[in-house]
Amino acid sequence: MNISRLFVLRPVATSLLMIAVVLIGLVAVRFLPVSSLPDVDYPTIQVQTFYPGASPQVMATTVTAPLEVQLGEIPSLTQMTSASSAGASVITLQFNLALSLDIAEQDVQAALNASNSLMPAGLPAPPIYAKVNPADQPILTLAVTSDSMSLTQLQDVANNRLGSKISEVPGVGLVSPSGGNVPAVRVEADPHKLAAYGLNIDDLRTTLGNINVSQPKGNFDGPELDYTINANDQIQDPNDYLSTVIAYQNGAPVLMGDVAKVTQSAQDIEQGAWYNRTPAIVLNVLRQPGANVIATVDQIKKQLPQLLASLPQAMKVEIVADSTGVIRSSVSDATVELLLSIALVVLVIFVFLRNVPATIIPSISVPVSLIGTLAVMYELGYSIDNLSLMALIVATGFVVDDSIVMIENIVRYLEEGKTPMEAALEGAGQIGFTILSLTISLIAVLIPLLFMGGVIGRLFSEFAVTLAVTILISAVVSLTLVPMMCSRMLRPKAERKPSRFERISEGLFDKTLAGYERGLRWVLGHEILTLLVALVMVALTAIVYIVIPKGLFPVQDVGVVEAISVADNSVSYKSMAARQMALADAILKDADVTSLTSYIGIDGTNTTLNSGRFLINLKAHGDRSLSAKQIARRLQDETAGVSGIKLFTQPEQSLTLDTVVSPNQYQFVLRGPSQQDFQKYVPELVERMKQIKSISDVTSDLDNEGLSVDIEVNRQLAARYGITPATIDNALYDALGQRIVSTIFNQSSQYRVVLVAKPDSLPSLASLGTLYLPTQTGTTGQVPLSGIADIKVTKSPLVISHLAQFPAVTVSFNLGPGAFDHQLVPGRRGGVPGFAVERGVPAAGGAGHGVHRAGRAVRELHPPGDDPVDPAFRRHRRAARADAGRRRPGRDRHHRHRAADRHRQEKRHHDRRLRARRRARARQGAA
């Protein structure tokens, strides 16, 4: 059977078919998304809940825990992490790769609805969620500044006119404003003046909630006309609060202005952001997992001029960082390499065939096969990225092989004296099944890549499929277009006159062939030596494989360095802002830094007050001599002299494998049932890891040294005055919690009314005792807090982290100078009781081979040959195993809905039954 016969005899139909394939591919390439890497993102959703004034313990128990119970029941949930800090709860959910993000969103919404009844009654707003991975870097960063407008005005306009419109762009997951200057009305009360009038701060809170309301009032339906009832129950101007009567004393009114200061300010004054050294509102645009970065950013930039035209002229909006620049340049470079590979292939064909028509034929078949692959890529939902372009580059050599095999066989018949048509029919018929077998063999090599699972499989499946499709199309082209063109373009050798180039090159090839024949005879005459050389090469290959550095993905240089600043656990906001600016000054002095944005304060990204973020933009690659990784290390050294704060830097990466934001490149998470165990063993683990020479910058997020004030109430004494713990909590919350007591509604947005005590009225911890509490006895008036409670300063964690509803601590580190991933190997078991290394992954790029799952203990990381196991760890090993054995059933019950845990549990039961049968048989045999 001659597969090519029909196509050789019908040249017009064959040509039209190939032209159609090319046209479809050229149309598809216009719609193919462009990105740096294939879509390997896990479906990720982040749930945020804000409760101003709540401590980490309150957030963990009253907000995070009920949400985790409901969210943990969602099917296909692979990982759930949470961080509970002062006033904020952030839960990150990661789902199975096969699950659609829209389906996951529906499940999350249903879980949040089910948890509404369990949320605290005073929660200002329900939990919100966003389809975004918090570990991803912004695809676009905008800085909003002004010389005449206040930060609250900038925040108001940036949120309502700029951020809301950008959020509507397809592919945008979240527009996160940093700076926290949300407009609000702040009422700063003086507790001492209130007490002098016989009032307390809780009375003021009740009054504020009553004088500013917006409720339905009904309508008046008369005999002929209907009237809607409205009232001036809303207070819009802060000055109107000052003239409000809050009580009467001795027949005289007590105005709010007598006991409080009312201003229009920020809702949370402990948040700030800067562009270089200028206070600003920073808008970070995060993409949805799987979104087309290039298309999303292009759409935002297309709408930006129209949005800027609607803003006040005093506002300045500047694009600080754009992640698409590096993507465009890398894809452009790969495209140029693809064109160069095609040109080189054509040149090599011409040099060896020395025949222009024979060179033109494969030169046409190569682009036809590659362009046809683009149409299939569009149908499969792939993108033009570095890996798919690499597949096309690799496929260039495979594509031309089929064409050359076909041409060589047809030329052989031409040299035997047959006509071009006869040579094409006989040559194609003879070699057709050979090309099919070659194609199937090449595709079979790619089968392991096609069936790989997880992130690696998702990363390379697009590469493998693109390569396989190109090889398959090249086989079709070689069986159809190539023999047809050979029958029309090639001429018998007798009709051709060899050119001077052909005569010269023919002599060179003859000499090369003679040299090859001499070498081949010598090799065949020394068989044993040839086999020994082959064995030596195999051995050298194995040795080089062992020695060569290994990793998942190389560290990328996208021209941006991300940094996390960490100060003392007890640092105040003002001190943290000063230290953050000192770091910014030191960073901007670096010659390779063009600009930066930074922000501090507790929000959905920052979980503690003692930490801050930097996004540092570097010069273009051609304008600097060092890589982003080297510059990041240099910046860390340059900022080491800034007192009271430490900077952790790492180059920004396009490939993010985890949802936890880490100060370093590598991290692993310890999980256990007891938070107290972490306080005892994690510092010791960190100190032991710091002794490992192959890693550096070892740190953990165990912040247990934060200052805390404990109010120990004498309940019997408080009961005598009719004071309950709720009364004390309300008074403290009113004075110190930036409590939201009312809301001002207008047409476009809502503004909160925030109640706090004047900072100068409570200047020290001792002054907390002067906070007066109302009594219920009616005879004793008010009682100071110090009269019924003791005030003590203690230590408490700044953030409480959970992994799968259990307490967890993240330990992170970087590789030391000259170290590679494969040098981090699992060492001996260290007996840290009650801990399990749940996961160990690179935070961004690279691969952490040094972090492995350890049953119920921590495997210490150390270089080969080193044994740093401390006796203190060994002492607890037996207790750890016993403790782990007692807790394992509970752990298994908790995860009984997961197939992997169910399988492990069934395997353990099977092994126990099998051992019992063997022991019974042994006893029977002995009897």
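Q: With which residues is Thr 466 in contact, leaving aside its neighbours within four places in sequence?
A: In this predicted model, Thr 466 lies in helix α16, which spans residues 454–489. Once the neighbours within four places in sequence are set aside, its contacts are Thr 373, Met 377, Tyr 382, Ser 388, Ala 391 and Leu 392.

Q: Is Thr 466 buried or exposed?
A: The relative accessibility of Thr 466 is 1%. Buried residues are those under 20%. Thr 466 therefore counts as buried.

Q: How are α2 and α12 oriented to each other?
A: Helix α2 (residues 11–31) packs on helix α12 (residues 356–380) with axes 7 Å apart and an angle of about 50 degrees. Roughly parallel requires an angle under 35 degrees, and roughly perpendicular one of 65 to 115. The two helices α2 and α12 are therefore oblique.

Q: How many nonpolar, polar and charged residues does the contact of α2 with α12 have?
A: The α2 side includes Met 18, Val 22, Leu 26 and Phe 31, and the α12 side includes Val 368, Ile 371 and Tyr 378. By class, the contact of α2 with α12 has 13 nonpolar, two polar and no charged residues.

Q: How is α11 oriented to α12?
A: Helix α11 (residues 324–353) and α12 have axes 9 Å apart and pack at an angle of about 155 degrees. Angles over 145 degrees count as roughly antiparallel. The orientation of α11 to α12 is therefore roughly antiparallel.

Q: Into which classes do the residues of the contact of α11 with α12 divide?
A: From α11, the residues taking part include Leu 338, Ile 342 and Phe 350; from α12, they include Val 356, Pro 362 and Leu 370. Thr 359 and Ser 363 of α12 are also among the residues that meet α11. The division is eleven nonpolar, two polar and no charged.

Q: Is the crossing of α2 past α12 left-handed or right-handed?
A: Helix α11 passes α12 in a right-handed crossing. For α2 passing α12, the crossing is left-handed.

Q: Is Gln 738 buried or exposed?
A: Gln 738 is placed in the loop between α23 (725–736) and β24 (739–745). Its phi is near 50 degrees, a positive value in a residue other than glycine. With a relative accessibility of 16%, Gln 738 counts as buried.

Q: What is the phi of Ser 76 near?
A: Ser 76 belongs to the loop between α3 (56–71) and β2 (77–85). At 40% relative accessibility, Ser 76 counts as partly exposed. Its phi is positive in a residue other than glycine, with a value near 70 degrees.

Q: What C-alpha separation is found between Asp 760 and Asp 190?
A: Asp 760 sits in the loop between β25 (750–757) and β26 (772–774), and its relative accessible area of 60% makes it exposed. Asp 760 and Asp 190 are 570 residues apart in sequence, while the C-alpha to C-alpha separation is 8.7 Å.

Q: By what distance are the C-alpha atoms of Gly 641 and Leu 583 separated?
A: Gly 641 occupies the loop between α20 (628–638) and β20 (645–651). At 72% relative accessibility, Gly 641 counts as exposed. Gly 641 and Leu 583 are 58 residues apart along the chain, and their C-alpha atoms are separated by 9.4 Å.

Note on methods:
Residues numbered from 1 in each chain as written. Predicted model: local features only at pLDDT ≥ 70, side-chain atom pairs only at ≥ 80, totals over all residues. Heavy atoms only, no water. Helix = DSSP H or I, 4+ residues; strand = E, 2+ residues; numbered from the N terminus. Buried < 20%, exposed > 50% of the residue type's maximum accessible area, 1.4 Å probe, protein only. Axes fitted to C-alpha atoms, helices over the stretch in contact; angles between N-to-C directions. Left-handed = near helix turned anticlockwise from the far one by under 90°. Contact = heavy atoms within 4.5 Å. Nonpolar A, V, L, I, M, F, W, Y, C, P; charged D, E, K, R; others polar.
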